[in-house]
Amino acid sequence: MQPPAISGPEPVMLDTIASFHAHVYFDGSAEREIALQLRAAMSARFRLALGRIHDRLVGPHAKPMYQVGFDAATFAGFVPWLMLNRRGLSILIHPNTGAERDDHLEKAMWLGDRLPILHAETLAEKSDAPIGVNSINTDPHLTA
Ligand code: ZN
């Protein structure tokens with residue numbers, strides 16, 4: 001028996017994802033402290049590229065945050081670990097495919113409360129900039 005004919009766009013292939021970002025948001029000194037504890041705990045356990053801590057709003061992000069870059073091999077362990085350990089913080093997880101706007105709006109997932117993406121119209125629809133995970137800068141030594 002033939003499967004039913006299905007129309008629609010071709011699925012996007014997984015190899016369009018060069019890397020992922022997690023953006024860990026915090027608001028106020030109590031959440032900031034939790035975010036810093038989480039940062040230390042994650043960097044001891046996973047191969048991550050830790051971004052700077054932004055206490056002021058940057059880019060499309062609606063609260064202070066830090067960015068964490070990771071590759072597809074790290075995703076399967078790291079994202080469930082964040083689910084278990086985020087302690088109430090909002091975390092945006094998005095792929096980096098070179099289409100910044102879609103990556104943040106259409107193809108993202110949230111842990112905890114979803115925050116707005118600010119001035120999304122300024123995000124590139126398509127970019128040729130390199131999007132790999134740069135300088136994995138941690139040396140995990142603890143078990144997740
Ligand atoms: Zn990002």
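Buried here means under 20% relative accessible area, exposed means over 50%, and partly exposed is whatever falls in between, with a 1.4 Å probe and protein chains only. The model is a predicted one, so local features need pLDDT of at least 70 and side-chain atom pairs count only at pLDDT 80 or more, while totals for chains, interfaces and linings use all residues. Residues are numbered from 1 along each chain as its sequence is written, and side-chain values use heavy atoms, with hydrogens and water left out.

The two histidines belong to a metal site. The zinc ion has His21 (ND1), His23 (NE2) and His94 (NE2) as its protein donors, at 2.0 to 2.2 Å. Donors are N, O and S atoms within 2.8 Å of the metal (3.2 Å for Na, K and Ca); water is not among the atoms, so sites may look incomplete. Along the sequence, the donor residues follow the spacing H-x1-H-x70-H.

Next comes the sheet. Helices (H or I, at least four residues) and strands (E, at least two) are DSSP runs, numbered from the N terminus, and two strands pair if DSSP finds at least two bridges between them. On that basis, 5 strands make an open sheet, ordered 2-3-1-4-5, with antiparallel pairing. Its edges are strand 2 (49-54) and strand 5 (109-111), each of which pairs on one side only. From one strand to the next, the twist averages 20°.

Strand 3 has partners on either hand. With strand 1 it pairs in the antiparallel sense over 6 bridges, and with strand 2, again antiparallel, over 4 bridges. As for individual residues, Tyr25 has Met65 of strand 3 as its bridge partner, Phe20 stands opposite Phe70, and Leu50 stands opposite Val68. Strand 3 is also mostly covered, with 5 of its 6 residues buried.

Axes are lines fitted to C-alpha atoms, for helices over the stretch in contact, and angles run from 0 to 180 degrees between N-to-C directions. Helix 1 packs on the sheet by touching strand 1, strand 2, strand 3 and strand 4, and its direction makes about 165° with that of strand 2. Helix 2 packs on the sheet too, touching strand 1, strand 3, strand 4 and strand 5, at about 140° to the direction of strand 3.

What about the nonpolar interior? A nonpolar core is a set of buried Ala, Val, Leu, Ile, Met, Phe, Trp, Tyr and Cys residues joined through side-chain atoms within 4.5 Å. The largest such core has 21 residues, and those with the most contacts inside it are Leu38, Met42, Phe78 and Leu82. Strand 1 (19-25), helix 1 (29-43), strand 3 (65-70), helix 2 (72-85) and strand 4 (91-96) each give two or more residues to this core. Helix 2 supplies the largest share, 4 residues. Leaving aside neighbours within four places in sequence, Met42 is in contact with Val24, Leu48, Leu50, Tyr66, Val68, Phe78, Trp81 and Leu82. Apart from this core lies another, of 9 residues, including Met65, Ala108, Trp110 and Ala120.

Arg45 sits in the loop between helix 1 and strand 2. Its relative accessible area is 25%, so Arg45 is partly exposed. Arg45 and Leu142 are 97 residues apart in sequence, yet their C-alpha atoms are 5.0 Å apart in space. Beyond neighbours within four places in sequence, Arg45 is in contact with Trp81, Pro140, Leu142, Thr143 and Ala144. Its side chain also makes polar contacts (pairs of N or O atoms within 3.5 Å; within protein, one must be able to donate a hydrogen and the other to accept it, and residues adjacent in sequence count only if both atoms are side-chain atoms). That side chain reaches the backbone oxygen of Ala41 at 2.9 Å and the backbone oxygen of Thr143 at 3.3 Å.

Thr74, in helix 2, counts as buried because its relative accessibility is 12%. A polar contact of 2.8 Å joins its side chain to that of Asp71. Not counting residues up to four places away in sequence, Thr74 touches Phe46, Arg47 and Leu48.

Finally, some backbone angles. Arg87, in the loop between helix 2 and strand 4, has phi near 50°, a positive value in a residue other than glycine; at 52% relative accessibility, Arg87 counts as exposed. His119, in the segment after strand 5, has a positive phi near 30° and counts as partly exposed at 40%.

Methods. Contact means heavy atoms within 4.5 Å.
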